[in-house]
Amino acid sequence: MGLHRLAIPALVLLWSGLASAQVEVNLTAYQVRTGADQQERLITAESVAPGDVIEYQAVYSNPDPDAVQGVQATVPIPIGVEFIPDSAAPRQLKASLDGKTFEPVPLKRKKRLADGKVIEENVPYAEYRYVQWLISRLGKGEESTVKVRVKVAE
(Lines give C-alpha, C1' and ligand atoms only; values in the text may rest on other atoms or scores of the structure.)
Protein backbone atom coordinates (compact mmCIF):
# COMPACT_ATOMS: atom_id res chain seq x y z
CA MET A 1 0.00 0.00 0.00
CA GLY A 2 1.49 3.29 -1.03
CA LEU A 3 1.14 6.59 0.74
CA HIS A 4 -0.57 9.48 -1.00
CA ARG A 5 -0.40 13.19 -0.31
CA LEU A 6 -3.69 14.38 1.09
CA ALA A 7 -5.37 17.04 -1.00
CA ILE A 8 -7.64 19.19 1.12
CA PRO A 9 -10.17 20.88 -1.14
CA ALA A 10 -10.12 24.64 -0.85
CA LEU A 11 -13.14 26.36 0.62
CA VAL A 12 -13.92 29.96 -0.10
CA LEU A 13 -15.62 32.58 2.00
CA LEU A 14 -19.36 32.06 1.91
CA TRP A 15 -21.83 34.88 1.67
CA SER A 16 -24.75 34.68 4.06
CA GLY A 17 -28.23 36.03 3.53
CA LEU A 18 -26.99 39.51 4.48
CA ALA A 19 -25.38 41.41 1.63
CA SER A 20 -22.51 42.77 3.74
CA ALA A 21 -21.82 39.80 6.05
CA GLN A 22 -19.18 37.13 5.42
CA VAL A 23 -18.56 33.82 7.10
CA GLU A 24 -15.00 32.52 7.42
CA VAL A 25 -14.26 28.83 6.94
CA ASN A 26 -11.33 26.79 8.24
CA LEU A 27 -11.17 23.21 6.92
CA THR A 28 -8.86 20.66 8.56
CA ALA A 29 -8.30 16.99 7.72
CA TYR A 30 -7.41 14.47 10.42
CA GLN A 31 -6.48 10.80 10.24
CA VAL A 32 -8.61 8.72 12.60
CA ARG A 33 -6.36 6.34 14.54
CA THR A 34 -7.29 3.81 17.21
CA GLY A 35 -4.76 3.38 20.01
CA ALA A 36 -3.89 0.27 21.99
CA ASP A 37 -6.50 1.41 24.53
CA GLN A 38 -9.14 1.28 21.72
CA GLN A 39 -9.67 5.04 21.99
CA GLU A 40 -9.90 7.05 18.78
CA ARG A 41 -7.35 9.79 18.23
CA LEU A 42 -7.30 12.45 15.53
CA ILE A 43 -3.91 13.34 14.10
CA THR A 44 -3.23 15.94 11.42
CA ALA A 45 -3.38 14.19 8.06
CA GLU A 46 -0.46 14.91 5.76
CA SER A 47 -0.39 11.68 3.75
CA VAL A 48 -2.79 8.77 3.61
CA ALA A 49 -2.86 5.16 2.51
CA PRO A 50 -5.72 3.10 1.06
CA GLY A 51 -8.17 2.14 3.80
CA ASP A 52 -7.35 5.13 6.03
CA VAL A 53 -10.26 7.01 7.59
CA ILE A 54 -10.10 10.80 7.38
CA GLU A 55 -12.25 13.23 9.34
CA TYR A 56 -12.87 16.63 7.78
CA GLN A 57 -13.76 19.37 10.27
CA ALA A 58 -14.96 22.70 8.92
CA VAL A 59 -15.26 25.58 11.40
CA TYR A 60 -17.56 28.35 10.20
CA SER A 61 -17.10 31.62 12.10
CA ASN A 62 -18.71 35.04 11.92
CA PRO A 63 -16.28 37.96 12.38
CA ASP A 64 -18.94 40.43 11.21
CA PRO A 65 -20.76 42.64 13.76
CA ASP A 66 -24.11 41.48 12.38
CA ALA A 67 -25.59 38.02 12.87
CA VAL A 68 -25.84 35.89 9.75
CA GLN A 69 -28.78 33.64 8.96
CA GLY A 70 -29.09 30.51 6.86
CA VAL A 71 -25.44 29.61 6.25
CA GLN A 72 -25.08 26.60 3.94
CA ALA A 73 -22.04 24.87 5.45
CA THR A 74 -20.58 22.79 2.61
CA VAL A 75 -17.65 20.37 2.68
CA PRO A 76 -16.33 18.91 -0.60
CA ILE A 77 -15.51 15.21 -0.77
CA PRO A 78 -12.52 14.47 -3.03
CA ILE A 79 -12.48 11.79 -5.69
CA GLY A 80 -10.79 8.66 -4.35
CA VAL A 81 -12.53 8.66 -0.98
CA GLU A 82 -15.94 7.36 0.10
CA PHE A 83 -18.39 9.15 2.39
CA ILE A 84 -18.98 7.14 5.58
CA PRO A 85 -22.70 7.13 6.38
CA ASP A 86 -23.65 8.12 9.92
CA SER A 87 -20.27 9.84 10.44
CA ALA A 88 -21.55 13.36 9.92
CA ALA A 89 -22.14 15.85 12.71
CA PRO A 90 -24.65 17.33 12.91
CA ARG A 91 -26.53 14.23 11.72
CA GLN A 92 -29.08 16.08 9.59
CA LEU A 93 -27.38 16.89 6.29
CA LYS A 94 -27.77 16.90 2.55
CA ALA A 95 -25.40 15.63 -0.11
CA SER A 96 -24.66 16.31 -3.75
CA LEU A 97 -23.03 14.66 -6.74
CA ASP A 98 -22.34 17.97 -8.52
CA GLY A 99 -22.24 20.75 -5.89
CA LYS A 100 -25.41 22.31 -7.31
CA THR A 101 -28.29 20.05 -6.31
CA PHE A 102 -28.42 18.94 -2.66
CA GLU A 103 -30.83 16.30 -1.35
CA PRO A 104 -31.24 14.50 2.01
CA VAL A 105 -28.95 11.52 2.62
CA PRO A 106 -29.13 8.82 1.34
CA LEU A 107 -29.18 10.13 -2.23
CA LYS A 108 -31.50 8.27 -4.61
CA ARG A 109 -31.67 7.99 -8.39
CA LYS A 110 -34.05 6.44 -10.84
CA LYS A 111 -32.93 3.50 -12.95
CA ARG A 112 -34.73 2.03 -15.95
CA LEU A 113 -34.64 -1.76 -16.05
CA ALA A 114 -34.45 -3.85 -19.23
CA ASP A 115 -38.22 -4.47 -19.07
CA GLY A 116 -38.88 -0.70 -19.01
CA LYS A 117 -39.82 -0.58 -15.34
CA VAL A 118 -38.30 2.37 -13.43
CA ILE A 119 -36.99 1.77 -9.94
CA GLU A 120 -35.36 4.03 -7.36
CA GLU A 121 -31.97 3.00 -5.98
CA ASN A 122 -29.46 4.45 -3.50
CA VAL A 123 -26.50 6.27 -5.03
CA PRO A 124 -23.21 4.62 -3.92
CA TYR A 125 -21.47 6.67 -1.21
CA ALA A 126 -18.28 6.73 -3.31
CA GLU A 127 -20.11 9.03 -5.77
CA TYR A 128 -20.92 11.73 -3.18
CA ARG A 129 -18.88 14.90 -3.87
CA TYR A 130 -20.29 17.39 -1.33
CA VAL A 131 -22.11 17.31 1.98
CA GLN A 132 -23.98 20.28 3.39
CA TRP A 133 -25.62 21.43 6.61
CA LEU A 134 -27.80 24.42 7.40
CA ILE A 135 -26.44 26.65 10.16
CA SER A 136 -29.52 28.63 11.13
CA ARG A 137 -27.74 31.54 12.77
CA LEU A 138 -24.23 32.70 13.63
CA GLY A 139 -23.99 35.73 15.91
CA LYS A 140 -21.00 38.06 16.09
CA GLY A 141 -17.92 36.06 17.08
CA GLU A 142 -19.80 32.76 17.09
CA GLU A 143 -18.61 29.64 15.34
CA SER A 144 -20.11 26.31 14.34
CA THR A 145 -18.25 23.12 13.45
CA VAL A 146 -19.41 20.47 10.98
CA LYS A 147 -17.68 17.09 10.60
CA VAL A 148 -17.68 14.23 8.15
CA ARG A 149 -15.57 11.11 7.74
CA VAL A 150 -14.42 9.47 4.53
CA LYS A 151 -12.44 6.32 3.76
CA VAL A 152 -9.57 6.35 1.27
CA ALA A 153 -10.31 3.96 -1.60
CA GLU A 154 -8.47 0.62 -1.62
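The structure is a predicted model. Strands β3 and β4 form a hairpin, and the count of salt bridges comes to five. Arginine 109 takes part in a salt bridge with glutamate 121 and in another with glutamate 127.

- Strand β3 covers residues 22-34 and strand β4 covers residues 40-44; the two run antiparallel and are joined by five bridges.
- Five residues lie between the two strands of the hairpin.
- Within this turn, glutamine 38 has a positive phi of about 70°.

**The salt bridge between arginine 41 and aspartate 37**

- The side chains of arginine 41 and aspartate 37 form a salt bridge, with an N to O distance of 3.0 Å.
- This distance meets the criterion for a salt bridge, because a side-chain nitrogen of Lys or Arg must lie within 4 Å of a carboxyl oxygen of Asp or Glu.
- Arginine 41 has a relative accessibility of 41% and therefore counts as partly exposed.
- Aspartate 37 has a relative accessibility of 43%, so this residue also counts as partly exposed.
- The class follows from the cut-offs: buried means under 20% and exposed means over 50%, with partly exposed in between.

**The salt bridges of arginine 109**

- Glutamate 121 and arginine 109 meet through their side chains in a salt bridge of 3.7 Å, N to O.
- This pair links distant parts of the chain, with glutamate 121 in strand β12 (residues 118-122) and arginine 109 in strand β11 (residues 108-112), twelve residues apart.
- Glutamate 121 is partly exposed because its relative accessible area is 26%.
- Arginine 109 has a relative accessible area of 30% and is therefore partly exposed.
- Arginine 109 also forms a salt bridge with glutamate 127, where the closest N and O atoms are 3.0 Å apart.
- Here too the pair links distant parts of the chain: arginine 109 belongs to β11, while glutamate 127 lies in the loop between β12 and β13 (130-138), 18 residues away.
- Glutamate 127 has a relative accessibility of 32%, so this residue counts as partly exposed.

Definitions and conventions:
Residues numbered from 1 in each chain as written. Predicted model: local features only at pLDDT ≥ 70, side-chain atom pairs only at ≥ 80, totals over all residues. Heavy atoms only, no water. Pairing = 2+ DSSP bridges. Helix = DSSP H or I, 4+ residues; strand = E, 2+ residues; numbered from the N terminus. Buried < 20%, exposed > 50% of the residue type's maximum accessible area, 1.4 Å probe, protein only.
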